[in-house]
Amino acid sequence: MQQLISFIQKYKYLLFFIILQTIGIHLTIQNHSFHKSTFLNSTNFISGNLYEKFANIRDYIHLKDQNQQLVTENIQLKNKIAFLNAIEQTASETVITDSINFNQRYSYSTAKIVKNQYTKSNNILLINKGEAAGIENEMAVFNNKGIIGVTEKTGKKYTRVQSILNKNSGISARLKKGANYFGPLVWDGKDYRKVQLTDIPRQANVKIGDTIVTSGMSTIFPEGILVGTVLTVGDKNSRENKISVQLFNDMSNLRHVYVVKSLHKLEIKTLLNE
Amino acid sequence: MNRTIYYTFIGVLLAFLQVFVFDNILFFEYINPFLYIAFVFLFPVRELRFYFLFLAFSLGLFIDIFADSGGIHAFSTLTIAYVRLFFIKLYFRKTPVDYPFFSLQKEPFGKIFNFTVTLTVLHHFILFSLDNFSFQNFSSVILNTLYSSIFTLLLFFLGGFIFIKKQ
């Protein structure tokens, strides 16, 4: 007993150090698994609020850019309405376009990004809506230019979003034209302008400059949301057949986003699990 | 005791500076400084060691909460806080008798430089390895460590020249 006490006396700092270090490594490991993040994250009240305050200041500075973006999107939407009206009025036989071909059963809501990361190897965003606004886990987040990420953990007022610039991210995507080859989008952690499309079969005819869109194969993302264009096609004989994709979105400059709720998620999931 | 409160306050200030200013500075788009570790350099040696270790851990954890990075900052800051005493012995040739009188400002620049460079590189290396969390991209860990260390040290010495009075 005497020896034990003297041992603790002698190494008390080392023991304290090891205890704290264990907590640190535990938190780090937990943070690397989806959905298992601990209570210590930026969705909590204090850090969320502080981030929002600073984001509001930044908001004011970038008003002009954001206005420009909204105007561009408005023009796009107006064109779409005009086009749909024209189809409705002309004939019953119509050309099938993207927007009506994809049977979308989703409800959309808007949110603002209050914290943006794009330089780490596992990037995370924070949006200013949470459970109170009906946000759940595993909902898609995108803006007018393309996909951004998937909600990961909801707080009362804030939600954490796993960015596509995250090594754990694996959103299913496909080529816009041609055959329905699809594969997961991954990120190698190097350049925030590029992501990689993997597991596309070798017989797929991929050309540089082709548009990549979400595939709709998962229950999270609606079909046909823009991702980017093919930058380089990898060596066809490699194991993964990686295709480098240049994102449409500038991930360093994000503010207003849409959050998508998939209304059929439960049904699809129960069917798949049976 | 008064000095302890003073340095605790400096720690809090550095934490907020880190979260709202330095995390947004991106030199060449991906290098950012981690100036908050200056707290570990500056905290007086003679104060309670438990208190110091705990403060260093909390400082790291605070940065982690804002950066959503689990416990990587806490882990690396605690490590350099623990090994600090060893390097003070090594570089400044101090014995426990000298600790109450030890002050970083009174030491020659060369020794301070060695001391801060060692701790900064150690901290950044642990930080980026844990952030990467795999043996892939190990070259990017080394490069990030190198660039960020240079940036952090530059800011630390610039800040030192501006804010700390020479006695």
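Is Phe50(B) buried, partly exposed or exposed, and what is its relative accessible area? Phe50(B) is partly exposed, at a relative accessible area of 32%. The model is a predicted one.

Over all chains, a search of the whole structure finds 33 aromatic pairs. One of them brings together Tyr13(A) and Phe50(B): the ring centres are 5.0 Å apart and the planes stand at 45°, so the pair is tilted. That class follows because planes under 30 degrees apart count as stacked and those over 60 as edge-to-face. Tyr13(A) belongs to helix 2 (residues 12–31) of chain A and Phe50(B) to helix 3 (residues 49–67) of chain B, so this pair joins two chains. Tyr13(A) is partly exposed, with a relative accessible area of 24%.

A stacked pair is formed by Phe17(A) and Tyr82(B). Phe17(A) lies in helix 2 of chain A, and Tyr82(B) lies in helix 4 (residues 72–92) of chain B, so this pair also joins two chains. Both Phe17(A) and Tyr82(B) are buried.

The geometry of the two pairs is listed below.

| Pair | Centre to centre | Angle between planes | Class |
|---|---|---|---|
| Tyr13(A) and Phe50(B) | 5.0 Å | 45° | tilted |
| Phe17(A) and Tyr82(B) | 4.1 Å | 20° | stacked |

Charged groups also sit over rings. The charged end of Arg49(B) is placed over the ring of Tyr13(A), 4.9 Å from the ring centre. In chain A, Arg193(A) lies over the face of Tyr192(A), and its distance from the ring centre is 4.8 Å.

Within chain B, ring pairs link a cluster made up of Phe41(B), Phe92(B), Phe102(B), Phe109(B), Phe113(B), Phe115(B), Phe156(B) and Phe157(B).

Note on methods. Residues are numbered from 1 along each chain as its sequence is written. Chains are lettered from A and ligands numbered from 1 in the order in which they are written. This is a predicted model: local features need pLDDT of at least 70, side-chain atom pairs count only at pLDDT 80 or more; totals for chains, interfaces and linings use all residues. Side-chain values use heavy atoms; hydrogens and water are left out. Rings of Phe, Tyr and Trp (its six-membered ring) pair if their centres lie within 6.5 Å; planes under 30 degrees apart count as stacked, over 60 as edge-to-face and the rest as tilted. Helices (H or I, at least four residues) and strands (E, at least two) are DSSP runs, numbered from the N terminus. Buried means under 20% relative accessible area, exposed over 50%, partly exposed in between (1.4 Å probe, protein chains only). A charge sits over a ring if NZ of Lys or CZ of Arg is within 6 Å of the ring centre and within 35 degrees of the ring normal.
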